[in-house]
Amino acid sequence: MEYRIIGEPMPVVECQVAAGESMKTEKGSMVWMSPNMKMETSTGGGIGKMFGKALTGESVFQNIYTAQGSPGYIAFGSSFLGSIRAIEIAPNRAAICQKSSFLASQAGVELSVHMNKKLGTGMFGGEGFIMQKLSGQGIAFIEIDGSAVERELAAGESIIIDTGNLVMMDESCTMDIQKVAGLKNKLLGGEGWFNTIVTGPGKIILQTITVPRIASALAPHMPSQGS
């Protein structure tokens, strides 16, 4: 499979696939494809997987597109202004992602639920107690709000991240929360009470903006009901 990411700030990833090769998505994000791409919709697993997908913000259904008889192409589009990044998934390198960040992947990539082991991280870390885990073998595509910033953390190296700005981390990384110091800072600083702290080794992807932050910035300029 070959691919190209085009069209930021509303990007698409266009994938060139061999005959018989499949791509899958769980968002209904197909924007164009060659006539020989056949679509099949399934649950992608049993009741347990369906429930897990619902918890991670994904559809319980999975669309699989397969090139019939000859090579084909298919494009998947981002749902918001931002970026698309490709992630290499291997048996020894799974990725933990923010809910609803998964866009599409090769057929060998599996999407499942990842539970944060520390309850406090899930409650206050901005990523939620339940995240997505991408495992198996192949290339997966994730969508990012705003611009994507990639960093490689050394063993024991940590980074403090504002709530919601962590999109992806290697499974080898660990995530925890850290309280903002000082009551005045918590109440008046505008940064909330907690930050996310990620410790390496492993790769992380950050996003420069979040949808809630954009919504908050736009709210004062929106007409009120009845006006």
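A salt bridge is taken here as a side-chain nitrogen of Lys or Arg lying within 4 Å of a carboxyl oxygen of Asp or Glu.

The structure is a predicted model, in which local features need pLDDT of at least 70 and side-chain atom pairs count only at pLDDT 80 or more, while totals for chains, interfaces and linings use all residues. Residues are numbered from 1 along each chain as its sequence is written, and side-chain values use heavy atoms, with hydrogens and water left out.

## Overall architecture

The protein chain contains 4 helices and 19 strands, where helices (H or I, at least four residues) and strands (E, at least two) are DSSP runs numbered from the N terminus. Of its 227 residues, 43% are buried; buried means under 20% relative accessible area, exposed means over 50%, and partly exposed covers the range in between (1.4 Å probe, protein chains only). The accessible surface of the protein chain, from the Shrake-Rupley method with a 1.4 Å probe and with only the protein chains shown counting as cover for residues, comes to about 11400 Å², of which 59% belongs to carbon and sulfur atoms. Among the contacts (heavy atoms within 4.5 Å) with a separation of 6 or more, 78% are made by residues 24 or more positions apart.

## Salt bridges

A search of the whole structure gives 8 salt bridges. The following table sets out three of them.

| Pair | N to O distance |
|---|---|
| K133 and E171 | 3.0 Å |
| R213 and D162 | 2.4 Å |

The bridge between R85 and E8 links distant parts of the chain, since R85 belongs to strand β8 and E8 to the loop between β1 and β2 (12-17), 77 residues apart. R85 counts as partly exposed at 23% relative accessibility, and E8 likewise counts as partly exposed, at 46%. These two residues also belong to a network of salt bridges that links E8, R85, E150 and K203.

In the bridge between K133 and E171, K133 lies in strand β12 (residues 130-136) and E171 in the loop between β16 and β17 (174-179), so the pair ties together parts that are 38 residues apart in sequence. K133 is partly exposed, with a relative accessible area of 22%, and E171 is partly exposed with 40%.

For the bridge between R213 and D162, the partners are R213 in helix α4 (residues 211-218) and D162 in the loop between β15 (158-161) and β16, so that parts 51 residues apart in sequence are tied together. Here R213 has a relative accessible area of 37% and is partly exposed, as is D162 with 21%.

## Nonpolar cores

A nonpolar core is a set of buried Ala, Val, Leu, Ile, Met, Phe, Trp, Tyr and Cys residues joined through side-chain atoms within 4.5 Å. The largest such core has 15 residues, of which I89, L134, I142 and M168 touch the most other members. Two or more residues are given to this core by each of β8 (82-89), β9 (95-97), β11 (109-115), β13 (138-145) and β16 (166-170), and the largest share, 3 residues, comes from β13. Neighbours within four places in sequence aside, L134 is in contact with I89, A94, A95, C97, F102, V109, E110, L111, A140 and I142. Another core, of 14 residues, lies apart from the largest one and includes Y65, L103, A104 and F141.

## Aromatic pairs

Rings of Phe, Tyr and Trp (its six-membered ring) are paired if their centres lie within 6.5 Å, and planes under 30 degrees apart count as stacked, over 60 as edge-to-face and the rest as tilted. By this rule there are 2 aromatic pairs. The rings of Y3 and F141 have centres 5.1 Å apart and planes at 75 degrees, so this pair is edge-to-face. Because Y3 lies in strand β1 (residues 2-6) and F141 in strand β13, the pair ties together parts that are 138 residues apart in sequence. Y3 is partly exposed, with a relative accessible area of 37%, whereas F141 is buried, with 0%. Y65 and F76 form an edge-to-face pair as well, at 6.2 Å centre to centre and with 70 degrees between the planes; both residues are buried.
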